[in-house]
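The exercises below each set a task and then work through a solution step by step. Please keep the sequence and the model open while you follow them.

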Amino acid sequence: MPIAFLILTLCLPVTAWAGWLWGEGESAPRVEVVEPFVVWRSGPAVGYPVFHASEKGEWLSLLQRKTGWMKVRDDKGREGWVAVAAIAQTRDATGEAVYLSVPDVEAFRSRNLETGIMMGEFEGAPVTSVYGGWWFTPNLAAELWGSQVLGSASEILMVNANIVHQPFPHWRVSPFFTLGAGHIWVDPKATLAEPEERDNPVGHAGVGLRAYITDRYFIRAEFKDYKVFTSRSTNEEATEWKIGLSIFF
């Protein structure tokens, strides 16, 4: 599955709940530019081109917020997107500084909920995983995972739960350790001579890194060592690595 599609899927909930700041019928708040200028972009991301700038003393109407960007309209009816950090330096009609929460590394350190999409390899086969986690304390979290492995000889589905320990939650790039259990379902390809479906419990331990990027986004990479408990005389072992993009709330 293309990485771009996964990233778009991950970003979709953020833009979906961003929504309109004010209900229908309510007038949009206006702010005055007090810095020498603020630049406008044609869309809510740094990848969109700059096409306009409002100078000091101009008034802007705030229309819509999407993560770290605000859609604005000037008195001439032009519309564009301005970084929330720039809007936070404007003044409202009373002359007071505009307060807008801007997710930053401090918000990352105090997050309660995170979710993400990751890709990598499970025993040499491509694996795609989604997860969600809840932080009980700055150091401890519980996570639920769902994974699909598409191997040349079989398709594997896994559901796992694990505890995460993050010893240095205040670090921008922070290591963590995991310990958990789950279940694995192996569906061999029909081309095999004697296909045998298997499902077994698993236990696993892992280590990884989180690295805050910007806004509500961070990169997560990890390695896990699995023990597959079988009904045969010996158990099986497997290793997995993954890297992906996550968001926090």
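**Exercise 1.** Determine whether F218 is buried or exposed, and then describe its pairing with F248.

*Solution.* F218 has a relative accessible area of 0% and is therefore buried, where buried means under 20% relative accessible area, exposed over 50% and partly exposed in between, for a 1.4 Å probe and protein chains only. F248, at 1%, is buried as well. This is a predicted model, in which local features need pLDDT of at least 70 and side-chain atom pairs count only at pLDDT 80 or more, whereas totals for chains, interfaces and linings use all residues. Residues are numbered from 1 along each chain as its sequence is written, and side-chain values use heavy atoms, with hydrogens and water left out.

Next, consider the aromatic pairs, of which the structure holds nine; rings of Phe, Tyr and Trp (its six-membered ring) pair if their centres lie within 6.5 Å, and planes under 30 degrees apart count as stacked, over 60 as edge-to-face and the rest as tilted. F108 and Y212 form a tilted pair, with 5.3 Å from centre to centre and 35 degrees between the planes. Because F108 belongs to helix α3 (residues 105-109) and Y212 to strand β12 (residues 198-214), this pair ties together parts that are 104 residues apart in sequence; helices (H or I, at least four residues) and strands (E, at least two) are DSSP runs, numbered from the N terminus. Both F108 and Y212 are buried. The ring centres of F218 and F248 are 6.5 Å apart with planes at 35 degrees, so this pair is tilted.

**Exercise 2.** Which residues do ring pairs link into a cluster, and over which ring faces does R111 lie?

*Solution.* The cluster linked by ring pairs contains F108, Y212, F218 and F248. R111 lies over the face of F108, 4.4 Å from the ring centre, and over the face of F218, at 5.6 Å; a charge sits over a ring if NZ of Lys or CZ of Arg is within 6 Å of the ring centre and within 35 degrees of the ring normal.

**Exercise 3.** In what order do the eight strands close into a barrel?

*Solution.* The order is β7-β8-β9-β10-β11-β12-β13-β14, with antiparallel pairing, and two strands pair if DSSP finds at least two bridges between them. Within this barrel order, strand β9 (residues 140-150) and strand β10 (residues 154-165) pair in the antiparallel sense over eleven bridges. S147 stands opposite M158 in β10.
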